[in-house]
Amino acid sequence: EMAAAAGAAAAAGLWSEVNRCGQNGDFARALKSVNKILQINKDDVTALQCKVVCLIQNGNFKEALGVINTHTKVLTSDVIAFEKAYCEYRLNRIESALKTIQSASQQTDKLKELYGQVLYRLERYDDCLAAYRDLIRNSQDEYEEERKTNLSAVVAAQSTWEKVVPEDLGLREATYELCYNSACALIGQGKLNEAMKKLQKAEELCRQSLSEDSDVTEEDIEAELAIIHGQMAYIMQLQGRTEDALQLYNQIIKLKPTDVGLLAVIANNIITINKDQNVFDSKKKVKLTNAEGVEHKLSKKQLQAIEFNKALLAMYTNQADQCRKLSASLQSQSPEHLLPVLIQAAQLCREKQHAKAVGLLQDFADQHPANAAEIKLTMAQLKIAQGSVTKACMILRSIEELQHKPGMVSALVTMYSHEEDIDSAIEVFTQAIQWYQQYQASQTRGANPKSPVHLSLIREAANFKLKHGRKKEAISDLEELWKQNPKDVHTLAQLISAYSLVDPEKAKVLSKHLPSSDTMSLKVDVDALENSHGATYVRKKAGKLTGDNQQKEPGQGEVKKKKKKKKGKLPKNYDPKVTPDPERWLPMRERSYYRGRKKGKKKDQVGKGTQGSTTTGSELDASRTASSPPTSPRPGSGAAVSATSNVIPPRHQKPAGAPATKKKQQQKKKKGAKGGW
């Protein structure tokens, strides 16, 4: 009994110590006291609960969960449900936390708060919205502002990821968190300018609230503003202001924020700006997306976008195996998603395996008919790149849901025209027009009024047929257009022109519907128009004609202008003392003094004999023979005289020093000008 009394006294002292430490927030010391109590009584429920709370407060969630799991008989779900669910939530075991909450016998306010957080992490936004609305309606405490902030975050997530138009919750945006979430919701709706204004307001509110605390530095404020600035940069990127966005992104990275999720998103956005350029920078930024804990900070769609960009970066950096590995992994995670298969096809095209790429896309289209349209558009693009335009047209025409679209009709007609397949182009027009006729008949119960798109297609079909000489085929289209608008003179004129080749009588009948020339004439003063300042042609006024049409005598009337004669150019070596050669205009061969070329002159000088034999100098030196006349004038000498003693005509005389001058000119041209002789 004495021992029991001593133990009870010791336990009481330890409990008072635990109580005091708990009030002071010293949970480490409190834990030591609790452990001593458990040594006295290992199954003390209150002591075990206190131990779990102390471990949670110290951030030891794994150890706290271990205590709960090892004492399941004592710590039943009714007693410890919230603490267990909270530990699982903090350890990112979200599904387990949900099960723990749902299995609790009593849903306390604490469990409801945690339930809302768990639903948000599981991206069950509709359920989460309902949970927070219930909490706000049934709670009255100092945490009301936090609950409203969480509610606005759910609405922003719905707008961004599920493209749900958010309802106005009537929340007063008094804090920067509420302003920020409101801006995110606006971005999801595409209202970028409004979102930017909200973010600017959020920045202002953030600065005001933080500057009130004297302990907060400018660096702390900038760190808190990082997420707001990141969203601003994202808006700039969406608006096409990539340089401004890039500058702001890099400023945030330099601050080295502790939020790994924010850094990962910014790094990913920079990679999307870089695309296939600046890949070295992109490779560095990828490391930020691989940081520990990123997967718990971002939504599934954000993580998926990052993985897609990693695969694309691998393709741009020619890491074919890595690209295939990443895209295959993405495809296994999301079999119905388009991007993985498109990335694989793009990689195959880079490897010049176009047929394999088309086959891969065809297999995907067969397996996922809902996404077949986009895949077939890509297949058609590949066929066009290969030069198979007709096959591309066949693929495009197999997309039934797009056959009637004006863009598709225009593309097919252009491609068929390029291939000179006019019949197929007309068939495309006919099918599209028929589709609109059937659709409008079903919508209007037989009234069948023509929509603007329908009429536009008929007009284009008629013009196309007329352009390619198919006037007979254009008649039905033109009649339909004229029927819709009988006052359309242009259509009537085209119809008459078409009928003139097929049924002239019908053309005559229709021509009666043309407006008279009186109604079409414009009251224009022709003389005033011709004499106006901007007229380019003015009609000459006809002069009065005399009866005999006599010619005017010289000196009377107009005087003819005499044309100035240009002085002829003389040769540079022209000598006025020398009589010009009378035969200078004849070709050289036809002149009386032409003796023909001296053929074989150089050949005669080449020594004959076996290879390597030498010849005497007297055989090759022409200067030693006194009888041989000079064959050409030397530089600086006078004009050469021929054997007949006739003077060479001026046209064929060479100026003194001509060869030397020519060499100098060539040297100059080689040095200066790009072109040569």
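**Exercise 1. Find which residues His-368 is in contact with, leaving aside its neighbours within four places in sequence.**

Step 1: Pick out the partners. His-368 is in contact with Pro-335 and Glu-336, where contact means heavy atoms within 4.5 Å. This is a predicted model, in which local features need pLDDT of at least 70, side-chain atom pairs count only at pLDDT 80 or more, and totals for chains, interfaces and linings use all residues. Residues are numbered from 1 along each chain as its sequence is written, and side-chain values use heavy atoms, with hydrogens and water left out.

Step 2: His-368 sits in the loop between helix 20 (354–367) and helix 21 (372–385). Helices here are DSSP runs of H or I with at least four residues, numbered from the N terminus.

Step 3: Check its surroundings. With a relative accessible area of 18%, His-368 is buried; buried means under 20% relative accessible area, exposed over 50%, and partly exposed in between, using a 1.4 Å probe and protein chains only.

Step 4: Look at the polar atoms. A polar atom of the His-368 side chain lies 3.3 Å from the backbone oxygen of Pro-335.

**Exercise 2. Work out which residues of helix 8 are buried and which are exposed.**

Step 1: Trace the helix. Helix 8 covers residues 125–138, 14 residues in all, and reaches 20 Å from its first C-alpha to its last, close to the 20 Å expected at 1.5 Å a residue. That expected span is 1.5 Å times one less than the number of residues.

Step 2: List the buried residues. They are Tyr-125, Cys-128, Leu-129, Ala-131, Tyr-132 and Leu-135. Seen down the axis of helix 8, these buried residues fall within an arc of 165 degrees, so they line one face of the helix. The arc is taken from the directions from the helix axis to the C-beta atoms.

Step 3: Turn to the other side. There, Asp-126, Arg-137 and Asn-138 are exposed.

Step 4: Find the packing partners. The buried residues of helix 8 pack against helix 7 (109–121) and helix 9 (144–161).

**Exercise 3. Decide how the rings of Phe-82 and Tyr-86 are arranged.**

Step 1: Start with the total. The structure holds 3 aromatic pairs. Rings of Phe, Tyr and Trp (its six-membered ring) pair if their centres lie within 6.5 Å; planes under 30 degrees apart count as stacked, over 60 as edge-to-face and the rest as tilted.

Step 2: Apply the cut-offs. The ring centres of Phe-82 and Tyr-86 are 6.0 Å apart and their planes are at 20 degrees, so the pair is stacked.

Step 3: Phe-82 and Tyr-86 are 4 residues apart in helix 5 (residues 77–90), separated by about one helical turn.

Note on methods. Helix = DSSP H or I, 4+ residues; strand = E, 2+ residues; numbered from the N terminus. Polar contact = N/O pair within 3.5 Å; in protein donor to acceptor, adjacent residues only side chain to side chain.
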